[in-house]
Amino acid sequence: SENNDGFLVTTNTTVKQNLKTWLSRYKIINDTIDILDAYVVNFGVEFIIVTDYEKNKYNALAAANARLRNYFASMTYDIGEQIYIGDIYKELNKVPSVIDVLDVKLVAKSGSPYSNFNFDLDAHLSNDGRYINAEKNTVFEIKYPNLDVQGSVV
């Protein structure tokens, strides 16, 4: 569920009970219905870019930050969907004055105002380092793209 601000929140019991009642009309007599909450995993992105030496590196960094913030502002993940780190590299490489992306790191965000669910992103990193595996009961979210996406330039 989402709140009025569009952030993921726990679905209230009334909605879950109504959904269960509606679904019960379509189930077979021996089927059971369990509606469980997914755990929200808030994360941030830190990256390092190399820019064209003929261009202003701070303008390039601002453009890279803006591109990723817009990307994540419109991005919604499904429950159990992975985060593909290669997609972040692709978005950064689309910025005209970015020559190379040296590093992209995902960092977990938890505690107020984020979700209280602790999730070790490094432990769920694929062997080839290309994506973060989600558990079947988790959903990823960048809650505040303007704060949670931070880059640096060399």
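Colleague: Which residue caps the N-terminal end of helix 1?

Modeller: That's Asn12. One of its side-chain oxygens sits 3.2 Å from the backbone nitrogen of Thr14. Bear in mind that this is a predicted model.

Colleague: What should helix 1 span at 1.5 Å a residue?

Modeller: Helix 1 covers residues 13–24, twelve residues, so it should span 16 Å. Its end C-alpha atoms are 16 Å apart, which agrees.

Colleague: And what about helix 2: how far apart are its end C-alpha atoms?

Modeller: They are 24 Å apart, and 24 Å is also what the 17 residues of helix 2 (residues 57–73) should span at 1.5 Å a residue, so the two agree. At the start of helix 2, a side-chain oxygen of Asn56 comes to within 2.8 Å of the backbone nitrogen of Tyr58.

Colleague: How do I read the sides of a helix? Which residues of helix 2 are buried?

Modeller: The general idea comes first. An α-helix has 3.6 residues a turn, so residues three or four places apart point the same way. Now the case here: Ala60, Leu61, Ala64, Asn65, Leu68, Arg69, Tyr71 and Phe72 are the buried residues in helix 2. Looking down the axis of helix 2, you find its buried residues within an arc of 165 degrees, so they line one face of the helix.

Colleague: Which exposed residues are on the face turned away from the buried side of helix 2?

Modeller: Asn59, Asn70 and Ala73.

Colleague: Let's move on to pockets. What is the volume of the largest pocket?

Modeller: Again, the idea first. Rolling a probe the size of a water molecule over the atoms shows where empty space is left. In this model, the largest pocket has a volume of about 420 Å³. Its lining is made up of 22 residues, and Val9, Thr10, Asp37, Ala38 and Val40 lie nearest its centre. Strand 1 and strand 5 (138–141) are the elements that give two or more residues to that lining, and strand 1 gives the most, with three residues.

Colleague: Take Val40, then. Is it buried or exposed?

Modeller: Val40, which is in strand 1, counts as buried because its relative accessibility is 14%, and the cut-off for buried is under 20%. Setting aside residues up to four places away in sequence, Val40 touches Leu8, Ser115, Phe117, Val139 and Glu141.

Colleague: Where is Val139, and what does it touch?

Modeller: Val139 is in strand 5. With 7% relative accessibility, Val139 counts as buried too. Beyond residues up to four places away in sequence, Val139 touches Leu8, Ala38, Tyr39, Val40, Val41, Tyr77, Asp78 and Ile79.

Colleague: Last one: which side chain makes a polar contact with that of Asn42?

Modeller: The side chain of Glu141, at 2.9 Å. Asn42 lies in strand 1 and counts as buried at 2% relative accessibility. Apart from neighbours within four places in sequence, its contacts include Val107, Tyr114, Ser115 and Lys143.

Technical notes
Residues numbered from 1 in each chain as written. Predicted model: local features only at pLDDT ≥ 70, side-chain atom pairs only at ≥ 80, totals over all residues. Heavy atoms only, no water. Helix = DSSP H or I, 4+ residues; strand = E, 2+ residues; numbered from the N terminus. Expected span 1.5 Å × (residues − 1). Buried < 20%, exposed > 50% of the residue type's maximum accessible area, 1.4 Å probe, protein only. Arc of directions from axis to C-beta. Polar contact = N/O pair within 3.5 Å; in protein donor to acceptor, adjacent residues only side chain to side chain. 1 Å grid on protein atoms, 1.4 Å probe; cavity = no way out; pocket = protein on both sides within 12 Å on 5 of 7 lines; lining within 4 Å. Points joined across faces, edges and corners; volume = space filled by probe spheres on them. Contact = heavy atoms within 4.5 Å.
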